[in-house]
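Here is a quick tour for anyone opening this model for the first time. Have the structure up on your screen, and we'll go piece by piece.

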Amino acid sequence: MRRRTLHLLGLAAVMVAVLALRWDVFREQWSTPAPDAWIATRFVLIVPLACGLLILRDAIRRRRSAPSPDAGGETARAEGHGRSPYRVAMRRFAENGLAMGALYVIAALCLLAILAPLLASFDPTAIEDPVATRHLPPSVGHPFGTDEYGRDWLSRALYGARVSLSVAILAVIVAVTFGTIYGSVAGYFGGFVDNALMRIVDVIMAFPTFFLMLMLVGVFEANLLALVLILGLTSWTGTARFIRGEILSLKEREFIEAARAMGLPHRLIIFRHLIPNALAPVLVSAALMVGGMIGAEAGLSFLGIGIRPPTPSWGNMVSQGREAIFVAWWVALFPGLLLSITILSFNLLADGLRDALDPKTLMRKYV
Amino acid sequence: MLLRVEDLAATFFLDEGELRAVDGVTFEIGEGETVALVGESGCGKTIVALSILDLVPSPGRIVGGRILFRGTDLRRVTPETLRRVRGGEIGMVFQEPGAALNPVFPIGRQICEVLELHRGMTRHEADGEAIRVLGGVGIPDPEKRAKAYSFELSGGMRQRAVIAIATCTRPRLLIADEPTTALDVTVQADILDLLRDLQEDYRMATLLITHDLGVVAETADRTLVMYTGKLFETGPTDRIFDDPYHPYTNGLLRAVPSLGSGRGEPLRGIPGSVPDLLRLPAGCTFHPRCELADAECAVRFPPTRTMGPARECACYKATAT
């Protein structure tokens, strides 16, 4: 087994162990009924579990299909068998130091978010003694200081990471899924369908997205789920547009004609043949969008209409720091720093993905 | 009769005008028979093939005729039925094997997909069958190759994989559109042998589209000669090769360089070039390039005449010998 797989398996084992040992802490959150807590607690647990399962399945499959050393006329070729273009790209990605660094930063932030209940030494929402602990500067006890209500700012930042990251990632999943399907249908069927669907996109694009978000947030109850849907459903248009372009050129390729000649229904042609081939730029833009979404969520929360206190999010934390910037600089600085680091990491990740998934080199035999 | 194409016409509606790519083509293919469709590039061979499965790309469209497959007109069936025929009863092999395979799926999966769809197999059954089929088309070490991606295979292997996909459902008819054009000469012979073996094993008819007369001579029972969207001459392959009626067929045959011919002897092509399909000459479309043409040829396209047993020819000058 390769070293990287071992690393990942080790990490997964540690995670499982932590979850098992301190399950009491997580179970308490799991049973919290409020929708905000639902996303912030369950999603952050579901994601690593899903990733772990995927990695495990992949590792098992690789072991099973490991090329046996055989003497044949084409041994050199045979060694490269079963390596999909995406696997080749991921390999190239792993060689990109900056992008891998960004990936590790993101992984670390996610880990902090998941383990927030264990790492935070204070209740993020409890206001104990506002007079004694008000605006304490960073110290050993409170590494990020405290806010005007005397809440431990590090604890809030950890729980805020859950909210900010889950909202952004979920919103991107919503936007990319919807945009990809929408754009594929438009590009594949073409003609009238394409025209009608893309004119709708034009109309939505003509409307300033941020104001649309503001309006929708104003109209609907601003809980986490609503925020995810609002952010997601106002930002799928870009994805839809370029996926349509990709599909338009892909569908002229011979293997799509071949798929049609084999009698595949439209559904299978779109989902099995077109979308997987158009996925490379989607991944890049999804990574870029996560950065944008974190920014958008922070912006809405900063304006006081996104995540409402006492639920912490990096956005409303910065907003709270704005009022106290001259008396307690740490209140705005730390969440702001976390925001910048996260957005920067996602942008670097996107850059790395773009280089790795460059279609000109994607089909290169193998590294 | 397995397939009968009657008076097929397909037109491309371009900005420059209407391009008639296929014009009144009529032919038949019997069970298990190999029929070759030959002609120069751009004469509408591929469009005939695509028309059979109703796959003529936009802005082209079939504008007339009937395509009777086992007695039913494929132009009048529901999309659902047509989908079952495509891949299930009529398989198709494309010219460029690299481009006809999906680059992001292993070739085994692409066979499974067709088997699951047309033979109702489960994923597990299909996996096994795919490996068997790959072995059947002469791919060595099929368990391992089933997991290979198209860019990991050589041209010949790719074409074998494409043939495996097209024939895994044991179709009644295989349409092979220039199956050997993109391959090395040595590999060409292997692929032709493979097609012939499969055809015998599965009792499958083949419509072979090619511009390589050597391939035709070797494989086809009957030959259709096509030019500017029309059939010029049809008949049994050996008889056409021995004694071509149409001056165009004659020209094609003379243009084939043979290994035995003396060096330094000039190759004899057909003078002129294939006319622009948007500006076809009046009368017989071949008359500007024809040695025998006279005033009559420039006025009206010659009717198709029956010339002896199983042979037809569209030329005023053709005479049965």
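## Two helices that cross

A quick word on axes to begin with: they are lines fitted to C-alpha atoms, for helices over the stretch in contact, and angles run from 0 to 180 degrees between N-to-C directions. Helices (H or I, at least four residues) and strands (E, at least two) are DSSP runs, numbered from the N terminus. This is a predicted model, in which local features need pLDDT of at least 70, side-chain atom pairs count only at pLDDT 80 or more, and totals for chains, interfaces and linings use all residues. Residues are numbered from 1 along each chain as its sequence is written, while chains are lettered from A and ligands numbered from 1 in the order in which they are written.

Now look at helix 9 (residues 153-189) of chain A and helix 16 (residues 314-323) of chain A: their axes sit 8 Å apart, at an angle of about 135°. That makes the pair oblique, the word for angles that are not under 35 degrees (roughly parallel), over 145 (roughly antiparallel) or 65 to 115 (roughly perpendicular). Helix 9 of chain A brings Arg156(A), Ala157(A), Gly160(A) and Ser164(A) to the contact, and helix 16 of chain A brings Trp314(A), Gly315(A) and Met317(A). Two residues are in contact if their C-beta atoms, placed from the backbone, lie within 7 Å.

## Where chain A meets chain B

How many residues does the contact take from each chain? It takes 27 residues from chain A and 29 residues from chain B. On the chain A side, helix 4 (75-79), helix 5 (85-94), helix 14 (254-261) and helix 15 (266-302) each supply at least two residues. Helix 14 of chain A gives the most, with six.

pLDDT is the predictor's confidence in each residue, from 0 to 100. Chain A averages 78, and 80% of its residues score at least 70.

## Chain B as a whole

Chain B has ten helices and twelve strands. Its radius of gyration (taken over C-alpha atoms) is 21 Å, close to the 20 Å from the globule rule (2.2 Å times the number of residues to the power 0.38) for 321 residues, so chain B is as compact as a globular protein of that length. Its C-alpha atoms fill a box of roughly 65 × 50 × 40 Å, taken along the principal axes.
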